[in-house]
Amino acid sequence: MTKIMIIDDDQDIIDSISMILEANDYTVVAKMDTDDLIPAIESENPNIILLDIVFPEDAQAGFKAAREIALQETLKHIPVLILSAVNQLNNLGFSFTENDISQDFMPVSGFIEKPVEPDVLLDKIKSVEETN
Amino acid sequence: MKAVSSEHIIHCIQDIHVKELVKRLNWSVSIRWYYIAFSSLLIVLVYFLAQAHAISLHFEFLIIANLFLFCCNLLYQYQLRYSYDKCLSTFDLRSYLILQIITDYLALTLVVYTLGSIETPIILMIIPNTILATLFFTPRQSLIIAISGLLMVISPLILEYFQLIPVISIFNHSLNVSFESNLSFKTTILANPTLLSGYIFILFSCVIFCWYLLCSITTRLINNELELERSYQDMIRLDKEKTHATLRSTHELKAPLAAIKNYIYTMNAGYAGEINAKVLKIINRINKRCDYLLNNVTDIIKLGNLKSYVVLDARTDKEENNQFYPVNIEQYINEFVDKSKALSCEKNLTITIDKQLNQSSSNQTDSKYYIMANDENLQLIFTNLFTNAINYSHTNGIINIIICIKERGETENNNQHLICVSIKDHGIGIEQKQIDKVFEEHYRCNNAAQFYEGGTGLGLSIVKVCSQILNADIDIDSTLNEGTTFTICFKLISK
């Protein structure tokens, strides 16, 4: 059974996404901050990580966490999907698209914009599962 | 004769003071070329006049001074080209300026000795270099430069006084007639130490007065410039802070809405169990209100960013041309319509594209219609106009997209070709008295608000700012209950 780790500071997002994933036979674990992230991921050993970008303590904590995960030999194989409310298509000056994904800047496997429809979320996860 | 193109040099040197310094160095070299040409012509003329009148003039000194200036100026011109390649620092450029000033003073000393420091006002030629020195050096440095220059150019007078060099006077013979003592005006002054000291004192006073005047003006200008630079830096800092704050506020405003929407999606998809019809109706109303809030928040932030771009970055980007690139607008519209057709399915709308491209486009025979733009702004313009056309059309209606070429006369013989894209709906239309207000922020016509409640009243404001950024003209034509046509015209470029 695929284990998905949701790292998001919003309990409602965790709950609503967990409902969808658990109903589709995924195991879900969650973490609400990026403190001691590496040991937490090592201990849970998830198959996929859903990672928020903006956390209360740092607006770019998600990016930093993604880079940190990519640097770990034991964790870099785990696909990370960015899950954020910062719209990638709104030309806000600080927005980003999947074209920005790179090993240096944004070492992740994909981008999911919040709110996410169940079908879109499941398709994205399935495609990441297939790729990996 | 222009020495080296300032623009070329400025291209690689960003610092504002360095830019100014390079401009003035160029200016100095150019002025020197003009001076050499003019004085050479004058030497030839005066040579012939001197034959006919009793003028005693050492032409050889003037020729030497001109040759010296000519050779040095060639070297300076080369130095400027070198500074273009190497992007020299302010320090190096100032050293060049000092070198140029010393050269001018040396040549001027010889000219002053030849033409006379007392009889002619040629000594005042030190003023232009004093101006340059006050512009680019500290007041103390510029004072030292001005006094050194003056000492240099009056040195022949002092040497003449001590009889170390022969006394030369341009009006030697003619002045002899008017002075009973058989001495020229110059020799009279040279013979009287009090008069000579007085003359030198007056010269020093004049130069110091000029220096003081220039210094006070340039100090004020430099202070103003520094103040402007500080304000500009503050603006940049504030803009960065604002962008950061916008990111936070976007997240803070969108995150709770995203969570609510996520629950709605989850419930609608049946993950929370069965929902009865009444609850489902309420959920759908909540969903619509959420969409409205999300759109509103996004549009407010989008508009804020676009306006900030117009104020802060647009001019720089236009100058550096780093924001826009050629876009084949005909191809863009085709692709846009293909991608956006799905939006019109809900209302079963028919989309037609009518291309009227060969009417007056004599120079556009290859069917490539390029404009300078970027994808972000084009997308905002056409998404908003197209979405409006859909939202305010009746079910089973038609939306016509018309692409045509127009000419706008800029001058009598030079017409600007424009490519105009019209998006025409046959929907609810706008009352004539309200047409002027539709680009205002948050303005919504009553019939529009009743017909489609999801609008934010910001879409057309965004379109207006985007068209302003792209230097495009936007026009609206509407008749109530018949429909609205938005036409946006871009300047065509040749590619």
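Predicted model: local features only at pLDDT ≥ 70, side-chain atom pairs only at ≥ 80, totals over all residues.
I began with the salt bridge: the side chains of Glu113(A) and Lys254(B) pair up at 3.7 Å, N to O.

Between chain B and chain A I get 1 salt bridge, plus 4 residue pairs in polar contact, counting pairs with both residues at pLDDT 80 or more.

Which helices of chain B did I find on the side touching chain A? H9 (193-268), H10 (277-312) and H13 (375-391) each put in at least two residues. H9(B) gives the most, with 16 residues. By type, the residues on that side of chain B split into 13 nonpolar, 9 polar and 5 charged.

Then I looked up the extent. I have 27 residues of chain B in contact with 30 residues of chain A. About 2400 Å² is buried between the two chains, and carbon and sulfur atoms account for 67% of that. Of the area chain B buries against chain A, 26% comes from His251(B), Asn262(B) and Tyr271(B), more than from any other three residues.

Last entry: Lys114(A). I placed Lys114(A) in the loop between strand S5 (110-113) and helix H4 (118-131) of chain A. Is Lys114(A) buried or exposed? Its relative accessibility is 2%, so I logged Lys114(A) as buried, the cut-off being under 20%. The Lys114(A) side chain makes a polar contact with that of Asp8(A) at 2.7 Å. Leaving out residues up to four places away in sequence, I listed what Lys114(A) touches: Asp8(A), Ile13(A), Asp52(A), Leu83(A), Ser84(A), Ala85(A) and, from chain B, Ala258(B).

Methods
Residues numbered from 1 in each chain as written. Chains lettered and ligands numbered in written order. Heavy atoms only, no water. Contact = heavy atoms within 4.5 Å. Buried area = accessible area lost by both parts, 1.4 Å probe. Salt bridge = Lys/Arg side-chain N within 4 Å of Asp/Glu carboxyl O. Polar contact = N/O pair within 3.5 Å; in protein donor to acceptor, adjacent residues only side chain to side chain. Helix = DSSP H or I, 4+ residues; strand = E, 2+ residues; numbered from the N terminus. Nonpolar A, V, L, I, M, F, W, Y, C, P; charged D, E, K, R; others polar. Buried < 20%, exposed > 50% of the residue type's maximum accessible area, 1.4 Å probe, protein only.
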